[in-house]
Amino acid sequence: MSTNFDLLELRSEDARTEEQFAELRKTLRFAVGHAPGLAQQLDGIDIEAVKGRADLAALPVLRKADLAAAQTPDDPLAGFATRRPYHFRHLFMSPGPIFEPGSDSRDFYRLARYVHASGVGMGDIVLICFSYHLTPAGMMFENAVASVSATVVPAGVGQTELQVTAARQLGVTAYAGTPDYLKVILDKADETGTPLKIARALVSGGALFPSLRTAYAERGVITRQCYATADLGNIAYESEALEGLIVDEGAILEIVRPGTGDPVPAGEVGEVVVTTLNPDYPLLRFATGDLSAVLPGESPCGRTNMRIRGWMGRADQATKIKGMFVRPEQVAALVARHRDVLRARVVVDRAGEMDAMTVKVETEAADISAVADTLPEVLKLRGTVEAVAPGSLPNDGIVIE
């Protein structure tokens, strides 16, 4: 099997930027006339001026809650698809609820690149243990496996003894599912004395702990994970280098300060925001709600795209303090209000039987009374303000602790 899925993985940064943004502009031009929801997001934007990441960062962010709120029985895809719902092969419902379109066209979800990088291809038989019921994960992986000419066993979830029997009788060589369910299958196979040929595992939808990866390796199973969502398809994936996750070639990924659309400095933890180049469902600056950070340099495997550190928590840190919710976007507004404040972190504690709020601000200013004065207006609460040295707050993406 060839190491690379295609030559797109080997592009220079300049070539990738030029080609991706040319494709993005083409997609947006078409979407303006066919996707009214996206057209509204682009209202007043000069599409032809969007030529790089700095231009992209000036565009509004689309949040999942906003997308879900805009979905109605008359327009279940909220005008963000360029085709009507009845033109798609599949329609899915994910928790929220939120509705997504699906297709059986080749590599619709862009997971084939990841499957190929995991060493799965023609000659493999893949047991897919993601759900096929309403949610799209099972169909997403089936589409990808078919795109690399491997064979699918659409097993779904549960019925472990039947899974083991099918895997044995059909000569299954690879598994696709959540990281922990493979252990259930392998343990049941050991318990029943059933030899299996599973040598590779494609996992997502949960944490792949190092101990679990090692346990699979000791059983002769090579495990690779990807970061994908029902809305966006594949976002990033592991290669044989096992150094972070490589961003997919069909996505433009940004890391922004939680609660804003403002990119963070390289290496700083922030919220993952993704723009897809899918002409049927072109989501623009879609906020995932997940935290991650960019890894410097290129992967030793030779793929040249941006790498991220993987899933590092959730960006939606809304916390109720003294009966009032404080949200990351309010903390961002507080920082924006004061020129001499670089970053801020709200720390919530208990003093006796009462909530106590301390706002730590990175600043070199001697007088921080102005920050304290604006707390009731911006955060809707009073609290203590503590000045800390620039760069001293943890690089973990948390703004409400």
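**Pocket, cavity and sheet in the predicted model**

By class, the lining of the largest pocket comprises 21 nonpolar, 14 polar and twelve charged residues. The structure is a predicted model, in which this pocket has a volume of about 1,400 Å³. The lining consists of 47 residues, of which Tyr227, Thr229, Asp290, Trp311 and Arg314 are the closest to the pocket centre. Two or more lining residues are given by each of the helices α4 (64-70), α6 (137-147) and α10 (328-337), and by each of the strands β3 (98-102), β8 (222-229) and β13 (286-292). The greatest contribution to the pocket lining is that of β8, with five residues.

One cavity of 30 Å³ or more was counted. The volume of the largest cavity is about 90 Å³. Its lining is formed by Pro101, Phe108, Tyr109, Arg110, Ala230, Asp231, Leu232, Gly233, Thr276, Asn278 and Tyr281. These residues divide into six nonpolar, three polar and two charged.

Strand β8, which gives five residues to the pocket lining, also belongs to an open sheet of nine strands. The strand order in this sheet is β5-β4-β6-β7-β8-β9-β10-β15-β14, and the pairing is mixed. Ala174 has Arg200 as its bridge partner in β7.

Key:
Residues are numbered from 1 along each chain as its sequence is written. This is a predicted model: local features need pLDDT of at least 70, side-chain atom pairs count only at pLDDT 80 or more; totals for chains, interfaces and linings use all residues. Side-chain values use heavy atoms; hydrogens and water are left out. On a 1 Å grid over the protein atoms alone, a cavity is a set of points where a 1.4 Å probe fits but cannot get out, and a pocket is an open set with protein on both sides within 12 Å along at least five of seven lines; lining residues have an atom within 4 Å of a point. Grid points are joined across faces, edges and corners, and a volume is the space filled by probe spheres set on the points. Helices (H or I, at least four residues) and strands (E, at least two) are DSSP runs, numbered from the N terminus. Ala, Val, Leu, Ile, Met, Phe, Trp, Tyr, Cys and Pro count as nonpolar, Asp, Glu, Lys and Arg as charged, and the others, Gly among them, as polar. Two strands pair if DSSP finds at least two bridges between them.
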